[in-house]
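Thanks for making the time this morning.

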Amino acid sequence: MNTWFITGTDTEIGKTRAACDLLRHLAEQGHRVAGLKPLASGCERTPEGLRNADALDLMAASNVRLPYEKVNPYAFEPPVAPHLAAAAAGVELDLDVASGALKDIEADWLIVEGIGGWSVPLDERLLLRDLVQVFTRQVVLVVGMRLGCINHALLTVEQIQRDGFELVGWVANQLDPDMAELEGNQATLDRLLPAPRIGTIPSHDVEKQEVMGKWRLPPLSLR
Ligand SMILES: Nc1ncnc2c1ncn2[C@@H]1O[C@H](COP(=O)(O)OP(=O)(O)OP(=O)(O)O)[C@@H](O)[C@H]1O
Ligand SMILES: [Mg+2]
């Protein structure tokens, strides 16, 4: 099973958008795919329990059906930083819960969405990277294309590599339809980032569910 972890240059820059597009792209190519959101804050109370919009979007884009609890084992209600949400809920994060959720998933691809950016504390002890290594060493960086994104992208990749993970590719999410020098910024990132651009997602009407991104994945090695 191939597993990619999706991180971003910031919160709210298109990780879910990109992860869903990628899931649909892989599914169209005949792969069995599942999206996961192991940890989410900002969840809604429902009769079935807390539900997170990202997790539901990822489930809708997946062709492997999983119970909600496997997709999103840790769900917190307030839309705040995860370590504060976990503390408020009195929950101690257990990485075995995250790895346990992986058992019995029959898929060719797992696409795991992170929370916030890369350097995110999960509680007093754990950082996001501790959770990522439960799933994979391979990381995809979604860059929200807007002024300042080059700095955020370079700093994020430096830290991903320092933490011992591999950047397998980056995605240009053209969030801002009026960004000046969009192409120039993308070309700069193509030159400076140590992995290829694997996806380009135009600014679009987010209500539309069809695949909007253009994907070019590196030759795949099934691991
Ligand atoms: N290419 C795009 N064009 C237009 N709007 C976009 C695009 N990508 C993302 N958005 C919008 O920007 C917002 C943030 O996107 P998204 O939820 O995918 O970000 P995220 O990084 O997953 O956020 P979070 O940190 O909350 O998980 C959403 O309202 C989404 O619909
Ligand atoms: Mg998201």
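Predicted model: local features only at pLDDT ≥ 70, side-chain atom pairs only at ≥ 80, totals over all residues.

Helix H1 runs over residues 15–28, and its 14 residues reach 20 Å from the first C-alpha to the last, which is close to the 20 Å expected at 1.5 Å a residue. Is H1 mostly covered, or mostly open? It is mostly covered, since 12 of the 14 residues of H1 are buried, among them Cys20, Leu22, Leu23 and Leu26, but also Lys15, Arg17, Asp21 and Arg24. Just after H1, Gly30 takes a positive phi of about 95°.

Now, how does H1 meet helix H2, residues 53–61? The two pack at an angle of about 15°, with their axes 8 Å apart, and because angles under 35 degrees count as roughly parallel, H1 and H2 are therefore roughly parallel to each other. H1 passes H2 in a right-handed crossing, and the contact is made by Thr16, Ala19, Cys20, Leu23 and Arg24 of H1 together with Asp54, Asp57, Leu58 and Ala61 of H2. By class, that contact of H1 with H2 has 5 nonpolar, 1 polar and 3 charged residues.

The second pair is H5, residues 95–102, and H6, residues 128–135, whose axes come within 9 Å and cross at roughly 30°, so that H5 and H6 are roughly parallel to each other. Here Leu95, Ala98 and Ser99 of H5 make the contact with Asp130, Leu131 and Val134 of H6, and by class this contact has 4 nonpolar, 1 polar and 1 charged residues.

Methods
Residues numbered from 1 in each chain as written. Chains lettered and ligands numbered in written order. Axes fitted to C-alpha atoms, helices over the stretch in contact; angles between N-to-C directions. Helix = DSSP H or I, 4+ residues; strand = E, 2+ residues; numbered from the N terminus. Parallel < 35°, antiparallel > 145°, perpendicular 65-115°, else oblique. Contact = placed C-beta atoms within 7 Å. Nonpolar A, V, L, I, M, F, W, Y, C, P; charged D, E, K, R; others polar. Expected span 1.5 Å × (residues − 1). Buried ≥ 20, exposed ≤ 12 C-beta atoms within 10 Å, placed from the backbone. Left-handed = near helix turned anticlockwise from the far one by under 90°.
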